[in-house]
Amino acid sequence: MQKITEDLARRRAAELMRAGEISCLLGWKKGEFDYDVEPTVFYTPEEVERELVCNVFSAANLSKYLISLTRKAEGRVGILLKPCDSFSFNQLLTEHRFDRERVYALGLPCEGTVDTFLLKERVGEGIYSIKIKDGALEVETLSGEVKEIPLSEVYAERCLVCKSRRPVAYDEMLGEVTPDADEDRFAQVEKLESMTAEERYAFWQGELSRCIRCNACRNVCPACSCERCVFDNPTSGVETKAPSEDSFEEKMFHIIRAFHVAGRCTDCGECSRVCPERIPLHLLNRKFIKDINSFYGDYTAGAEVGSRAPLVSYTKDDPEPGQGGQK
Amino acid sequence: MQRIGVFVCWCGSNIAATVDVEAVSQALKDEPGVVFSTNYQYMCSQAGQDLIKQAVAEHGLTGIVICSCSPRMHETTFRRAAAAAGLNPYMVEIANIREQCSWVHKDIALGTQKAIVLGRAAVAKLHLNAPLTPGETPVTKRALVIGGGIAGIQTALDIADAGFKVDIVEKKPTIGGKMSQLDKTFPTLDCAACILTPKMVEAAQNENITIYSYSEVESVGGFVGNFDVTIRKKARYVNESICTGCGLCTEKCPVKNVPNEFNLGMDSRRAVYIPFAQAVPKVATIDPDYCNMLKNGKCGVCARVCTAGAIDYKQTDELIEQKYGAIVVATGYEPIKLDKFDEFAYNSSPDVITSLEFERLTNAAGPTSGKLLRPSDGKHPHRIVFVQCVGSRCAAAAGKGKEYCSKICCMYTAKQAMLVRDKYPDTEVYVFYIDVRTPGKNFDEFYRRAAEEYGVKYVKGMVGKISPQGEVLKVQASDLIAGRQLHIDADLVVLAAAIEPDRSARPLATMLTASMDTNDFFTEAHPKLRPVESPTAGVFLSGACQGPKDIPETVAQAGAAAAKVIGLLAKDKLTSNPCVASVDELMCNGCSSCERVCPYGAISYVNKEFRMPDRTVALRRVASVNPAVCQGCGACTVACMSGAMDLRGFEAKQIIAEVDAICK
């Protein structure tokens, strides 16, 4: 997302707000640092014009906030949607989680967002400020050094293998749609599949052992939008299940979560983005997506509103259990 | 706290031989909440049930666990006993220690240990049981019979006779099925048409019966007593109510080379046709694959010659929606394809035919007007070889054919061989067999007559190879009794092809949620005690769709299925199962997953105002279950991510309690 889109987004959103078309806007604003751009709700056009940030750090998927915001806000809620977020937007609509009429969506073009972990690693020391240039970041470090980092080196993995940069939902598109990424989305899953069961177990054991159960992955996930999560529900009986000796609770948490979002996950990659331990959680979901594609034909959750997901629809051509075959 | 009684059944020696029943009842005595535990020889007997009633009264039991056979077998029995003792019938849990324990184990120690664990799980579940009350649903007093062969016709006639409306759906342009293609029928040799066609006419004229010919079942919804069925009435391009069946169009149609499926392709028909003279309904049908008018708009001869004006080239498929209380499956059978049996030269020689083709060749209404002539040159065959078990009783390892016995072949082969010898005494007839199976009234006498009086040469042994050579078919076979190879030059070979369920049966079973065995025959609810009911309530089985059957058996089963349907339709209300889904609205996301997986359409959505945890009031979309429609299959509870959907009597916490008890 370039500067030009940010200017356009600020102008257009403020305009809509002044005209009374939208009562508030779901967008991003700068946090503590330049790379620390966080989701926020703007209520005045002045705030929008001053603080709205639409750049390579506007990574957060805002669609999930519509559930709570449309319940409490007056009138229509404005939202900025990157192409990948628009899939989550549609998926939530499919699940009737908010009323489409109550939302005005501004589509944003996107060429990728920055993986801040990767950026910090690449810079190697504290970041004081960042200037976004054409195709690169000009980073001033705490020691006063200025480093130029090409964007292509710090794009998030989810963006390099982005499923589509063509937004699937918006009322109005700001700027031009950008060309799709061409890397294979399932290459990493295939790598995991090629491991032996023991190797794979060891891989996940290693990754998931770092989990601190902060619940960030669940809280950010647009598919994890239950009124009350089973993990927070004392009557579900989940929390009374003590971990057995060779297992650990976190593993089950992530696996259960992957099952719960299977067929509904749009592969937005937010789970891995927010994980403070950098666990590649999205790979669990992506494995499900790959399997669903091979069993039931290509399916992208959220590609269209109301599409019947393979896991909750039945056709006579579905593979029989036990045949286990590919379609 | 529940006061639980445990009753361990010996089932004679069925359970007691592999499970130490005394040890089980002793061990379960120590389970929490168990105040009484005993064992008895036959818990389902009157004395056993009295034991239960007595214990409920004496010990103030609030719930009972029966360790016995599968709940499929006696759950109802024990629920009734509990109700008679003043308990809610849903405070009964069955631990299946027979089918799932004693019958599958040989070691008494292990079997006993497993029985205790299963009993413990049932006790753990029972602690969380709540009394449930069944509701009532009305019954639509109309039955659907799928398939219009002899099975379907007989079932429909019997149901109609009891005063209920019946619809027959038949995919072909006429009812009659396979029987209408047969010549004579064993063991009495009456002609099939003579005994079938009056029934066809009777069905057509019965005011309680509606025949949807050239139609197929498109979709089935609902449940016992209240099925919603959509029937696709295919366009036959002829107005059925106007067509008089005069047959003029079928004579004038210029397209003459259409393979005639009624005669199994051994002669041809026109593009507009009536399958056979006694067809019901006797109306013409235009074959859209061959009709010039429908293909390229050039012709229109039939419309011109039809004095009734019945031809309608613009006719389209019609969808008929109808409610039924009961459904009878009578989809019948097909002979198998013989593609994999190259050794019999079926595909390479026209003089190697199937038994059904032989029926057409000897039928007076068939392609040769009943004269037995070789398909290749129209000559009279002087030496005929019948081969039995073609594709029947095949080893699974052979990778072709069926493992089962097709049951009808021995008898019809005896009939065909006998009739050939009767009509053409100059013909030499061989029958090659593995075994001759003739159980049935007057069946063995019939076969012996063929062999002894009519001189049919029965040879025990199989034909290894048939090679067409010039005008003859070189048959190489073994005579197992004489222990030698036989080489016969035959003029005609008749293969008794195995029979398999009609191909339409599998998708239909899916629509009906009725189960099938590995051979695609419909499964009965109990192989001995409920042979005409499918495990799906309200779906009944008639004829060969359930397994290979001859005509007498089919007709008997058709009548039995009709009796079951009548029994159902005679009721005004059905007691509904109280073990239905229920939703916790506070947890429901309104996402529609449950609605999408519900096979019965029992779930709808309502918008309701809720007080949220942050003290605001929000309008939320939540699921609502119609308990009269819900069948308690539990699909929704699995689809629900948040766990808002639960199944009464099988709540998630009950299942977890069972699992915990087993893993303890």
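Q: In what order do the five strands of the open sheet in chain B run?
A: This model is predicted. The sheet is open, and its pairing is parallel. The order of its strands in chain B is β10-β7-β6-β18-β29.

Q: Which strands of chain B stand at the edges of this sheet?
A: An edge strand has a single partner strand, so one side of it is left without a neighbour in the sheet. In chain B, that applies to β10 (209-212) and β29.

Q: By what angle are neighbouring strands of this sheet turned against each other on average?
A: Direction is ignored here.

Q: Which residue in β7(B) does B:Arg142 stand opposite?
A: Strand β6 of chain B spans residues 142-146, and β7 of chain B spans residues 165-169. The two pair in the parallel sense over five bridges. Opposite B:Arg142 stands B:Lys165.

Q: Is B:Thr536 buried or exposed?
A: B:Thr536 lies in the loop between α13 (505-512) and β29 (539-541) of chain B. B:Thr536 touches B:Leu512, B:Thr513 and B:Ala514, leaving aside residues up to four places away in sequence. Its relative accessibility is 16%. Buried means under 20%, so B:Thr536 counts as buried.

Q: Is A:Phe259 buried or exposed?
A: A:Phe259 is found in helix α10 (residues 249-261) of chain A. With A:Met252 and A:Ile255, A:Phe259 makes a nonpolar surface patch of about 280 Å². The relative accessibility of A:Phe259 is 53%. The cut-off is over 50%, so A:Phe259 counts as exposed.

Technical notes:
Residues numbered from 1 in each chain as written. Chains lettered and ligands numbered in written order. Predicted model: local features only at pLDDT ≥ 70, side-chain atom pairs only at ≥ 80, totals over all residues. Heavy atoms only, no water. Helix = DSSP H or I, 4+ residues; strand = E, 2+ residues; numbered from the N terminus. Buried < 20%, exposed > 50% of the residue type's maximum accessible area, 1.4 Å probe, protein only. Contact = heavy atoms within 4.5 Å. Pairing = 2+ DSSP bridges. Axes fitted to C-alpha atoms, helices over the stretch in contact; angles between N-to-C directions. Patch = residues over 30% accessible without salt bridge, like charges linked within 9 Å, V, L, I, M, F, W, Y side chains within 5 Å. Areas by Shrake-Rupley, 256 points an atom, 1.4 Å probe, with all protein chains shown as cover. Salt bridge = Lys/Arg side-chain N within 4 Å of Asp/Glu carboxyl O.
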